[in-house]
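Biologist: I have a model open and would like to learn how to read it. Could you take me through it feature by feature?

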Amino acid sequence: MTPATIQAEITALIGTLAIIGTPLQVLMPVGAVALVALAVVPAWRRALGPAITATAVVLLAGEALLAWFHWRLWELAVVVSPETGAITGRVAVPLWIESEKLYVWALTVALLAVFVRRHREELLPGISVILAILMAGAAFWGKPFTEPLPSFLGQYFGYLQAMQSGNFGMAMGAYQGMEGARQFYYNTVYMWIHPPALFFAYGTFALSFVATLLMVTRRRSSFETTAYRWVRLGYIPFTAGMLLGFPWAIMAWQGQSWWWSGKVNMSIMLWVLYTAYLHARLYIRKPGMWKWVAALSIASFLVLLLTYLATYVVPGAHSYI
Amino acid sequence: MNSLAHTRTWDYALTVATVVLLATLGLQSLLGTFYAWWALSTIPNWEAFGYNDFVRVMNLIAAPQVVALVVVMGLCVPKRLLDRTALIVVSGVMLGIGLVAWVITGSMQDGLATYLALAGLIQVAVVALTVAGTRGPSYMTEGRLVKTGSGLLHLGFIAFAYVVVALQNSAFMLPAFWVATLLTVVGTLMSFYADKLAFRTRVRAEVDRPLAGAGD
């Protein structure tokens with residue numbers, strides 16, 4: 001295949017994704033409004049459980065569509081050396097970057113919500129509001145079906161055009177950039193563990209946040225236990241994911257200024273806050289300690305949101321601006 | 001105050017110190033992020049000319065906090081092995097050896113690495129004694145699985161800190177990193193889910209009660 005035919009096939013693939021995925025992308029904000037309505041109106045809350053299950057099923061169907069899109073992309077997106085003309089590899093674009101981040105987070109929260117058993121009735125309204133915000137964000141901001149992977153496709157199409165230009169120097173420059181991204185970003189094993197581990201943790205932390213709010217308003221120990229159990233579940237992949245970021249950063253950002261960069265700072269802050277929460281909770285039976293535990297839990301979740309937003313606002317290594 | 005109450009107060013003080021240090025490190029990270037954001041958007045070419053100074057100042061501010069955290073960890077770790085007087089002496093000696101290493105080599109990194117290596121060795125002994133089931137190590141938590149998990153995860157963090165401080169440019173970096181990660185993950189898993197991992201457990205009925213001091 002020539003660069004031009006590869007570009008044409010990928011463009012056609014994007015078109016197919018948009019045709020199949022647009023109804024789903026339209027359905028997402030509608031579903032978000034419905035979830036909020038069910039959460040807010042007490043008489044409708046009985047329908048929340050089935051509604052969340054239906055949402056999870058629909059989001060899973062969308063994820064399957066995205067998985068197919070990525071599979072086809074992997075088949076098409078070859079990287080060829082301008083020097084030898086040999087294929088150096090294919091780009092395995094993960095399903096949790098760029099336009100798909102909020103979608104994956106929404107899917108994670110929806111799936112976790114399906115499996116909530118303890119305090120299910122009390123937790124579902126709060127979880128629904130968070131899920132609705134994520135779905136609306138994915139539909140209006142992420143647009144995973146109609147505007148997929150803008151950075152990757154921009155770079156890859158740029159590389160194809162450079163390869164087609166006949167200018168060896170330009171082709172070589174574009175190839176080095178693309179091959180570097182393939183080896184150290186898209187295809188590296190860290191990319192396939194670090195972000196999914198963190199997304200799973202973010203999902204559990206969202207559920208813990210809802211339980212913490214219930215603990216503050218109802219002041220019962222069982223909500224505190226529920227909040228702790230969700231943090232406990234997420235803290236392990238969260239810590240593992242954070243640790244895995246270290247050798248990846250050393251390998252991928254060699255020579256770059258990444259230490260103390262915005263996202264790294266915020267992530268460290270997030271980890272130390274959740275660690276502080278787990279330490280403080282060892283003394284939950286001390287009078288008044290629950291207030292500190294609740295404050296740390298709420299602060300941790302707010303920092304989680306800031307950490308996510310920081311990648312879009314604060315420049316530097318690990319930012320998307 | 002009896003000795004158990006003393007131990008609990010001591011444990012509580014160490015926990016509060018850990019939480020406070022973690023919080024101040026978190027605050028520094030937040031302020032550093034805001035500063036970097038402001039500098040990048042207002043100072044021309046800051047990334048090229050100002051970033052290195054920023055990293056230097058951030059390291060300078062973080063260093064005493066990290067040292068304090070390492071010292072607290074050093075006090076936490078052998079507390080399972082020694083009584084408080086011996087613990088303070090051992091911690092002081094470890095800190096002293098670290099300081100001597102710093103002075104001799106002229107590198108704070110080497111001093112920290114020496115201190116972490118000593119803390120790691122003691123933690124290995126703590127884990128071995130806990131696994132063997134001796135009565136020496138004292139923990140805030142009950143159950144051998146929980147205790148072993150707690151010991152392993154602290155060992156994992158010490159090992160990870162050692163990788164960051166001493167092995168970043170070494171060929172041993174990756175193997176040591178994976179060992180540290182494995183210890184941390186397995187240790188955390190054992191600490192959090194000991195009741196599900198154990199063959200024989202005593203399940204305590206959960207009582208839903210008002211939070212302590214909720215009527216304040």
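Predicted model: local features only at pLDDT ≥ 70, side-chain atom pairs only at ≥ 80, totals over all residues.

Biologist: What does the secondary structure of chain B come to?

Modeller: Chain B has eight helices and zero strands. Read from the N terminus on, its elements run α-α-α-α-α-α-α-α.

Biologist: What percentage of the residues in chain B is buried?

Modeller: Of the 216 residues in chain B, 33% are buried. For contacts in chain B between residues at least 6 apart in sequence, 64% join residues at least 24 apart.

Biologist: Now the interface. How is its size given?

Modeller: Interface size is often stated as the accessible area lost when the parts come together.

Biologist: Where do the domains of chain A lie in its sequence?

Modeller: The domain assignment places domain 1 of chain A at 1–187 and domain 2 at 188–321. Their centres, taken over C-alpha atoms, are 23 Å apart. In the contact between them, 20 residues of domain 1 meet 20 residues of domain 2. On the domain 1 side, the elements giving two or more residues are α3 (101–115), α4 (120–142) and α6 (168–186) of chain A. That side divides into 13 nonpolar, five polar and two charged residues.

Biologist: How should I read a pair of packed helices?

Modeller: Two packed helices are described by the angle between their axes and the distance between the axes. For α3(A) and α4(A), the angle is about 160 degrees and the axes are 8 Å apart. Angles over 145 degrees count as roughly antiparallel, so α3(A) is roughly antiparallel to α4(A).

Biologist: Is the crossing of α3(A) and α4(A) left-handed or right-handed?

Modeller: The crossing is left-handed. Among the residues that make the contact are A:Trp105, A:Ala106 and A:Val109 of α3(A), and A:Ile127, A:Leu131 and A:Trp141 of α4(A). The contact of α3(A) with α4(A) has 15 nonpolar, two polar and one charged residues.

How values were computed
Residues numbered from 1 in each chain as written. Chains lettered and ligands numbered in written order. Domains from an automatic or database assignment. Contact = placed C-beta atoms within 7 Å. Helix = DSSP H or I, 4+ residues; strand = E, 2+ residues; numbered from the N terminus. Nonpolar A, V, L, I, M, F, W, Y, C, P; charged D, E, K, R; others polar. Axes fitted to C-alpha atoms, helices over the stretch in contact; angles between N-to-C directions. Parallel < 35°, antiparallel > 145°, perpendicular 65-115°, else oblique. Left-handed = near helix turned anticlockwise from the far one by under 90°. Buried ≥ 20, exposed ≤ 12 C-beta atoms within 10 Å, placed from the backbone.
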